[in-house]
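Hi there,

Here is the structure I promised to pass along. Please have a look at it first, and my notes follow below.

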Amino acid sequence: MPDYRKKKHNKLFSAPKPKKPLKAEKSENIKMTPAEHYRKTAKQNMKVVRGKKTEQKRRLRATLCAILIIAVVFSVFEFILPKGVFETVSQTISLMGTGSYPVSLEGNRTLNTANKGNYYYVLSDTHLTAVSSAGKTVFSYPHGFENPILKTSVSNAIVFEQNGNRAFVFNLNGLKNEITTKTNIITAAISEKGNYAICSKSDKYACKVTVFNKQGKQIYEWYSAENIVNNIALSKNGKKLAVSSFKSENGQFKSTLSILNYKSATPLYTENFDNGLIYSLDNSKNRLAVVTENSVKFIKWSSFKANEYKSDFKIALFRSEKNGFVVVFNRLNDKTANHIVLFSNSGKVKYKFDFTGVISDIALSGSHTYLMSETDLYLLGNEGEILRKANCDFGAVRISVTSSNTVAVISDNSINKYKLEQE
């Protein structure tokens, strides 16, 4: 039978009681975390370390995109700007800086000028000079011709010896090309893009017209079998050629206008003028101006649509400006009776009015007309009213507008600037 009586123990030899764990000590037991929670936490704290190769690829793509954008922009401007980007920038730089008036001119006699907005060409009997509106001489070149003729576009010029066999091509940086022909030169023309054409005599035909690109390479040749060519013009982009020619029948001149491209000798457009000569051909942005004795006809280069302005008076002065044309019609045997018409580049009449007095020269700037009558300078409004006036010295040949209220007056050996004052 079991003995349930309390037993006595010797305290000296009894086992010690176990110690309680210290509160400061951490338990060595690892608290288990569910696997799903661990994966979620690890995903949130995970950082992907990529090498430099990916960053280099990103930078390369950005660089290539920037180069592509620059190339596209450059191509667009190269297409839009007739002279191209580099030549446009170069010629813009050449106009920078200021000069001073009066400007001295080389030569003994001023033969012709051409206004181009912020600069102008002056042809003397010995030199071609380009001058900015600020009075800076951009360049001056001795041509050495006895009978020099000047033809211009927006920023290009060609000077040739009439009935000679040499010609010079210029831009605002100076001489660009020199041409020597086998036969004598009759006339020439140059486009805004830099293409140029020369009409010369021919051994087998009446005349021949040769077209060159801006590098001086021949790209087209056209022959006139019977008619004598007296004027030629090139479109703005230099891809079309206009030729006026004439012949005499029964004591009267009959003229023909032909417009060609460079794919065929057959004209794209032909028109006969049975009542006389075509005096000149001039080119605006998209139209050809055909000047006869008492009319101006504007023909669109692309579609050949035309509009014409006729007068009972005869044309005394015709000026082609950057923003349009201005024409002075004279009453026969009376140089003081003038009818002035301003045309836009599209050939539409902007303003017309009469002016009483001798007109020595005329220029167009904006919507205003600048006129020189012997030693008097005028700024005229849209209806011919005098807005400003000044007096200039004797011997003035031509004028060029330098600002809204100032005019450069060109004489045989100098250029002076005059300020127009209100009446």
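Which element of the chain has the lowest mean pLDDT, and which the highest? Helix α1 (residues 35–45) has the lowest, at 58, and strand β10 (residues 185–190) the highest, at 97. Here pLDDT is the predictor's confidence in each residue, from 0 to 100, while helices (H or I, at least four residues) and strands (E, at least two) are DSSP runs, numbered from the N terminus. The chain averages 86, and 83% of the residues score at least 70.

Some ground rules: this is a predicted model, in which local features need pLDDT of at least 70 and side-chain atom pairs count only at pLDDT 80 or more, whereas totals for chains, interfaces and linings use all residues. Residues are numbered from 1 along each chain as its sequence is written, and side-chain values use heavy atoms, leaving out hydrogens and water.

Now for the second largest pocket, which holds about 330 Å³ of space. A pocket is an open set of points on a 1 Å grid over the protein atoms alone, where a 1.4 Å probe fits, with protein on both sides within 12 Å along at least five of seven lines; lining residues have an atom within 4 Å of a point. The volume is the space filled by probe spheres set on the points, which are joined across faces, edges and corners. The lining has 15 residues, and F273, N275, T292, N294 and S295 lie nearest the centre. Strands β17 (269–273), β20 (295–300) and β21 (306–310) each supply at least two lining residues, with β17 giving the most, 3.

The loop between β20 and β21 holds F304, whose phi is positive, about 65 degrees, although F304 is not a glycine. Another backbone feature is the cis peptide bond from Y101 to P102, with omega near 0 degrees; P102 lies in the loop between α3 (85–95) and β1 (103–104). For context, most residues other than glycine have a negative phi, and most peptide bonds are trans.

Finally, the structure holds 8 salt bridges (a side-chain nitrogen of Lys or Arg within 4 Å of a carboxyl oxygen of Asp or Glu). One of them joins K208 and E221 at 3.6 Å, N to O. This pair links strand β12 (residues 207–212) to strand β13 (residues 218–224), with the two residues 13 apart.

Best wishes
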